[in-house]
Amino acid sequence: MRGMGLRVAVYGGSGYTGGELLRLLVGHPEVGAIQVTSRQHAGSVVGEVYPQLAARERFVAPDEVEVPGLDVAFVAYPHMESAAVVRELLGAGVGLVVDLSADFRLGDVAVYEEWYGPHPAPELFGEAHYGLPDVFGGANGKRIVANPGCYPTAAILALAPVVERLPVSSVTVNALSGVSGAGAKATQKTHFVSANENVAPYGLSGGAPGHRHTPEIEEMLRRVEPGAPAVTFVPHLLPITRGELETIVVHLEDGTELPETGDVLGWYEEDYGSWAFVEARAEAPQISHVAGTNRARLSAAVDRRAGKVLLFAALDNLLKGASGAAVQNMNLALGYPESAGLEHLR
Ligand SMILES: NC(=O)c1ccc[n+]([C@@H]2O[C@H](COP(=O)([O-])OP(=O)(O)OC[C@H]3O[C@@H](n4cnc5c(N)ncnc54)[C@H](OP(=O)(O)O)[C@@H]3O)[C@@H](O)[C@H]2O)c1
């Protein structure tokens with residue numbers, strides 16, 4: 001059992017992001033005792049169920065967590081399952097709750113209910129900080145951090161500096177993700193036999209783009225620039241385990257002079273140069289350059305013939321797109337360096 005340090009709980013520790021969180025927290029210099037929940041594996045030692053996780057903690061059922069005295073709780077549940085647990089933890093006095101689901105990301109409950117369904121804790125809506133620190137900073141005293149979606153993280157990091165500086169008339173995000181983005185429970189779409197040697201668009205409703213990350217991307221871009229346009233977002237499933245790549249086509253308002261590629265890279269440097277986990281390079285990013293790291297890698301190109309700006313972003317969906325970002329959010333909320341426990345993933 002670890003000794004002194006932060007008392008932390010991970011809800012949903014048998015899932016992909018929960019497991020990744022556990023791996024990070026076990027090595028975090030400020031973290032002491034870790035409680036980790038699983039309904040399926042309650043009572044078993046984590047490292048025996050998941051030998052790839054060198055963790056000696058034992059899974060407990062969610063209602064067995066010793067909540068009094070917890071400093072931080074991470075909730076890595078599916079959306080609509082998370083909000084009630086977050087409410088309970090806040091009510092019990094936990095100082096900081098980092099929610100990895102979509103339950104507290106959006107600012108308008110009506111928009112949430114249109115895309116997800118009835119919100120389980122509407123009274124807490126609007127109480128959370130949207131945890132993309134490289135754009136919106138640390139939690140600044142808020143007790144709920146809504147950890148962003150993986151696709152929105154890549155899209156907002158690439159787009160925010162651009163919509164802030166140029167009048168943008170349309171945005172199309174072509175996104176590719178490894179299968180771990182869909183969580184641990186296999187479905188027909190994510191079953192090995194469906195995903196292997198295949199690439200498929202998904203999240204289409206009635207033939208039109210309709211993925212739930214669309215309103216999240218649009219809302220956050222409008223927090224940066226109220227006039228930011230609607231976003232067309234089309235994700236594709238790749239037959240790889242982890243990592244995401246987005247190619248984003250940006251159309252500027254008529255009469256706007258196209259920037260140079262170097263201008264866009266310069267804006268990235270201006271906005272992200274002081275942050276540890278976002279970097280811009282002249283060459284387009286690749287998934288293999290970021291998988292297993294907490295880095296988001298950005299690039300840009302200008303298509304003068306077609307009059308468009310292309311942006312590229314790559315990250316690891318389980319790290320910068322989820323658990324790495326969650327640890328970064330905890331660090332900032334509690335006043336530690338943003339890269340504490342994450343230095344090896346820069
Ligand atoms: N995967 C990604 O790349 C990614 C990226 C960013 C954000 N997210 C978000 O992070 C959250 C977790 O994602 P994940 O991919 O880790 O999911 P996951 O692999 O499906 O894991 C979720 C875990 O939560 C527990 N759980 C499931 N349903 C529950 C319920 N009704 N009540 C209590 N516990 C329940 C399950 O553990 P037991 O059955 O053992 O209790 C499960 O292992 C989701 O909201 C997801 O959208 C995921």
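**Entry 1: strand 12 and its partners**

I looked up how strand 8 (residues 168-177) is joined to strand 12, and I found 7 bridges between the two, which run parallel. The model I am reading is a predicted one. Within this pairing, Leu-176 stands opposite His-236 of strand 12.

I then turned to strand 9 (residues 200-201). Strand 9 is joined to strand 12 by 2 bridges, and these two strands run antiparallel. Here Pro-201 is the residue that stands opposite His-236. I noted as background that strands of a sheet pair through backbone hydrogen bonds, either parallel or antiparallel.

How many of the 7 residues of strand 12 are buried? I recorded 6 for strand 12 (residues 231-237), so this strand is largely enclosed by the rest of the structure. For this step I counted a residue as buried when its relative accessible area was under 20%.

I next traced an open sheet of 7 strands, which has parallel pairing and the order 3-2-1-4-5-7-6. Which strands form its edges? They are strand 3 (59-60) and strand 6 (129-130), as each of them pairs on one side only.

Inside this order I examined strand 1 (residues 6-11) and strand 4 (residues 72-75), which pair in the parallel sense over 4 bridges. Val-8 stands opposite Val-72 in strand 4.

**Entry 2: helix 1**

I listed the buried residues of helix 1 (residues 16-26): Gly-18, Gly-19, Glu-20, Leu-21, Leu-22, Leu-24 and Leu-25. Against what do these buried residues pack? I found strand 1, strand 2 (31-37) and strand 4, together with helix 2 (46-49) and helix 10 (319-334).

**Entry 3: the whole chain**

I recorded 10 helices and 16 strands as the secondary structure of the chain. The C-alpha trace spans about 60 × 45 × 40 Å along its principal axes. I compared the radius of gyration of the chain, 20 Å, with the value near 20 Å that a compact globule of 346 residues would have, and the two agree.

Of the 346 residues, 53% count as buried. The accessible surface of the chain comes to about 14,600 Å², and carbon and sulfur atoms account for 51% of this surface.

I also looked at contacts between residues at least 6 apart in sequence; 70% of these contacts join residues at least 24 apart. Finally, I noted 25 positive and 40 negative side chains, with the centres of the two sets 5 Å apart.

Methods:
Residues numbered from 1 in each chain as written. Predicted model: local features only at pLDDT ≥ 70, side-chain atom pairs only at ≥ 80, totals over all residues. Heavy atoms only, no water. Rg over C-alpha atoms; globule rule 2.2 N^0.38 Å. Buried < 20%, exposed > 50% of the residue type's maximum accessible area, 1.4 Å probe, protein only. Contact = heavy atoms within 4.5 Å. Areas by Shrake-Rupley, 256 points an atom, 1.4 Å probe, with all protein chains shown as cover. Lys, Arg positive; Asp, Glu negative; His and termini not counted. Charge placed at Lys NZ, Arg CZ, Asp CG, Glu CD. Pairing = 2+ DSSP bridges.
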